[in-house]
Amino acid sequence: MKLNTKRTILIGFAFLSICAFWQMYDNLIPLILTNTFHMNETLSGVIMAADNVLALFLLPLFGGISDRCKSRLGRRRPFILVGTLSAVVLMLGLPLLADSFHASPAPGKLAAFIAVLGLLLIAMGTYRSPAVALMPDVTPKPLRSKANAIINLMGAVGGILYLLITTFLYKTKSDHYISYLPLFAIVGGIMLAALAIVMVFVNEPRLVAQQQRYEQAHPEDNLTQATENGEVLPREVKRSLSFLLCSIALWFIGYNGVSTWFSVYAQNTWNMSLGQAKAASAAGKPSASAHCFSAVASSPPSPTLWSAVPSAQCCMFSSSWWASPGRPSTSTVCPWWWRCARAARSASSQASTIPSPCPPRS
């Protein structure tokens with residue numbers, strides 16, 4: 001039994017489009033809210049958290065609906081098709097509204113921007129679960145771990161494409177207003193191209209039928225146990241699954257809390273352009289960021305360090321880091337940050353006050 005790598009790569013284009021979109025969303029929306037609409041951190045933070053709140057309801061809802069879908073396109077592809085097209089149309093309206101507000105500010109334009117943003121988040125939520133579920137639907141269980149690695153690699157390719165485009169379009173920081181319409185349009189084009197590949201080259205009904213025949217011929221691959229209440233997972237499998245889900249949840253809580261505001265912090269504090277901020281953010285993704293921030297969480301309180309990174313988010317990083325088996329030492333993974341933490345300890349013991357690198361909030 002061998003994994004069909006080509007087919008898995010083609011399926012991964014759906015996840016590539018999702019990752020390219022969220023890279024752009026986390027980078028640009030905070031900048032637009034704070035720089036164009038002049039929102040404070042509290043209000044813009046509430047808006048930036050809306051996608052995670054909606055995901056709690058939308059992802060299981062549309063995942064369950066797609067499970068029961070009986071379209072001739074398959075169970076997952078209709079949601080990928082409609083969700084991607086809707087998202088591209090809505091996302092192109094965001095920079096247009098932002099540009100219009102900059103030219104002529106009006107409360108109605110701000111309300112329209114927030115409304116379109118909400119619809120965009122709903123559109124993205126309609127097809128993320130079906131896009132992720134497509135690979136397990138057509139891949140034998142013993143090969144899903146390898147296939148998942150390829151899917152995540154395709155997601156990383158989407159992030160790299162966004163990084164290259166951003167670095168090329170926004171090399172230097174400008175004191176004048178910057179329109180992000182070209183970047184939105186290019187990312188929308190990437191999403192449409194990925195959608196076309198999935199719709200043309202992935203025949204979901206045929207692949208699902210092949211997978212069902214394989215499962216019938218290999219019942220030993222099924223991890224569930226038959227009981228009077230139906231098929232259930234063994235206790236050991238449930239326990240491992242619970243710890244895995246908790247670790248992933250803690251890691252993403254901390255990671256998203258930092259990455260969402262990184263572009264704003266890099267521009268305001270480090271005077272970076274959007275392209276430079278994205279490159280600096282990508283340099284620490286994904287595991288290196290967790291390892292480095294776990295060093296901050298394990299160090300004693302220091303005004304310099306803790307003013308730059310909220311302690312609760314560092315604890316989230318540290319929890320998921322210490323939950324991972326076979327972890328290397330933090331000083332080995334990120335020696336430069338470890339030296340910074342040690343220097344901060346020494347400085348905090350010698351001085352009662354250390355200037356904060358962050359500007360005070362009004």
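These notebook entries record what I looked up in a predicted model.

**Basis.** I worked with a predicted model, in which local features need pLDDT of at least 70 and side-chain atom pairs count only at pLDDT 80 or more, while totals for chains, interfaces and linings use all residues. I number residues from 1 along each chain as its sequence is written, and side-chain values use heavy atoms, with hydrogens and water left out.

**Cysteines.** I searched the whole structure for disulfides (a pair of cysteine sulfur atoms within 2.5 Å) and found 0. I then looked up accessibility, where buried means under 20% relative accessible area, exposed over 50%, and partly exposed in between (1.4 Å probe, protein chains only). Cys19 counts as buried because its relative accessibility is 18%. Cys246, at 47% relative accessible area, is partly exposed.

**Helix H7.** I take helices as DSSP runs (H or I, at least four residues), numbered from the N terminus. H7 covers residues 204-217, and its 14 residues should span 20 Å at 1.5 Å a residue; I find its end C-alpha atoms 20 Å apart, which agrees. The expected span is 1.5 Å times one less than the number of residues. Buried in H7 are Glu204, Leu207, Val208, Gln211 and Tyr214. Down the axis of H7 these buried residues fall within an arc of 120°, so they line one face of the helix; the arc is that of the directions from the helix axis to the C-beta atoms. On the other side of H7, I note Arg213, Gln216 and Ala217 as exposed. The cover over the buried residues of H7 includes H1 (5-36), H3 (77-103), H4 (107-138) and H5 (144-169).

**Asp137.** I located Asp137 in helix H4. Asp137 counts as buried because its relative accessibility is 14%. Its side chain makes a polar contact with the side chain of Arg75 at 3.2 Å (N or O atoms within 3.5 Å, one able to donate a hydrogen and the other to accept it; residues adjacent in sequence count only if both atoms are side-chain atoms). Leaving aside residues up to four places away in sequence, Asp137 touches Arg75, Arg76, Glu204, Val208 and Gln211, contact meaning heavy atoms within 4.5 Å.

Technical notes: Helices (H or I, at least four residues) and strands (E, at least two) are DSSP runs, numbered from the N terminus.
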